[in-house]
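This report describes selected parts of one protein chain. The sequence and the model are shown first.

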Amino acid sequence: MNIILRQLVSAIIFTIILFMLFSFMYFIAFPLESWSSLWENKILDFPFVYIVPSISILLGACYGALTGYYWKKQLYTVETAVRELEKGRPIPIEQQVLPEIHDIWVRIEKIQKNMLEQTKLSQKLANEKAEDHEKRVQEMVSQERNRLARELHDSVSQQLFAASMMMSAITESKPLSDDRETKQLKLIEETIQQSQLEMRALLLHLRPAALKGKTLQEGVEELLVELMQKVSMKIKWKVEHMQLDKGVEEHLFRILQESVSNTLRHAKATTLDVLLIKRDDFVIMRVSDDGVGFEVDNEGKTGSYGMQNMYERAIEIGGTIKVVSLKNKGTRLEVKVPVLNVEGEAND
């Protein structure tokens, strides 16, 4: 039986009950002498036989209208919930509903839970897919950078080294003089040497060394030892052993690489000093050279010497970075990072 037919039947039954109730009450109050009195007895100037059925039908119709409105409201609530569910919005589950509607709400709640689980699963798969894609891209980029670094090292870098050796041999074989040719040869030799430094800095960017299981102290010392074997620059360092978070170690190591790369490319320095110590719950890393220097106020704004990259890395680990540089008097970069106490580590 559908809901419309049910409402109609309930309204008819309600009307019949009212009619019987009114009739019974009337008969109790006014006993019938004969059936003709049903037409003779009047209520509000209307015969009883007309007025009671009319009132019963009217009240039955009102009952049907009220119950119909109530059911319509219940169905509208369900329809609204389904519409919101279709849009993917969370809906509150009704607690007090009719038994006929309760089963519908139970199914709506089950569908909502299934949709929520499906959404979580879809987002998880999308995140895993994005992470996997990013990882593959990073691997491809890393492989391509390594390939370019190998090719540059095996071709251009070797040719620059050979050209440098030949120019050294030519300048050493010529007698000392101040003629124009000797000065030009000397200038060419210096240009080749600077190009070698530029190439080593480029290789350091293309194939940067990674810590990969090494401590920060081991990584810094390995980097500086390798650099000392490849350049004529005098390199000194003091690196203390300390226990830091991997993220802090990685950022400090990358800042050092960037700073060393900038020194090789721009500073024209003869010495490089690196200091990495821990004092008063701060890690201090200082990189100094005796190169040509630069104007910090002007060059720092344009991102020269890779300053922007180093500033961002320092900020990410809650540190500060300070650069002091003077023309022809060198440059000093200092990074200061607060260190949280690590369990098991003794305080300085």
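The sections below cover the sheet, the helices packed on it, and a few individual residues of this predicted model.

## The sheet

Five strands make up an open sheet, arranged in the order β3-β4-β5-β7-β6, with mixed pairing. Its edge strands are β3 (234-239) and β6 (320-326), each of which pairs on one side only. From one strand to the next, the twist averages 10 degrees.

Strands β5 (residues 282-289) and β7 (residues 330-338) run antiparallel and are joined by 8 bridges. Within this part of the sheet, S288 has R332 in β7 as its bridge partner.

## Helices packed on the sheet

Helix α6, residues 216-230, packs on the sheet and touches β3 and β4 (271-279). The direction of α6 makes about 170 degrees with that of β3.

Helix α7, residues 246-267, also packs on the sheet, where it touches β4, β5 and β7. Between the direction of α7 and that of β5 the angle is about 10 degrees.

## Helix α9 and its two sides

Helix α9 spans residues 307-316, and its residues M307, M310 and A314 are buried. These three lie on the same side of α9 because they cover an arc of only 65 degrees around the axis. The cover over the buried residues of α9 includes α7, β6 and β7.

On the face turned away from the buried side, α9 carries the exposed residues I315 and E316. After α9 comes G318, which has a positive phi, near 75 degrees.

## E258 in helix α7

E258 is located in helix α7. Is this residue buried or exposed? E258 counts as buried because its relative accessibility is 11%, and the cut-off for buried is under 20%.

The E258 side chain makes a polar contact with the side chain of N309, at 3.4 Å.

## S195 in helix α5

S195 belongs to helix α5, which covers residues 180-206. With a relative accessible area of 27%, S195 is partly exposed, since that class lies between under 20% for buried and over 50% for exposed.

Along the chain, S195 and R265 are 70 residues apart. In the model, their C-alpha atoms are separated by 8.5 Å.

Definitions and conventions
Residues are numbered from 1 along each chain as its sequence is written. This is a predicted model: local features need pLDDT of at least 70, side-chain atom pairs count only at pLDDT 80 or more; totals for chains, interfaces and linings use all residues. Side-chain values use heavy atoms; hydrogens and water are left out. Helices (H or I, at least four residues) and strands (E, at least two) are DSSP runs, numbered from the N terminus. Buried means under 20% relative accessible area, exposed over 50%, partly exposed in between (1.4 Å probe, protein chains only). Two strands pair if DSSP finds at least two bridges between them. Axes are lines fitted to C-alpha atoms, for helices over the stretch in contact, and angles run from 0 to 180 degrees between N-to-C directions. Contact means heavy atoms within 4.5 Å. The arc is that of the directions from the helix axis to the C-beta atoms. A polar contact is a pair of N or O atoms within 3.5 Å; within protein, one must be able to donate a hydrogen and the other to accept it, and residues adjacent in sequence count only if both atoms are side-chain atoms.
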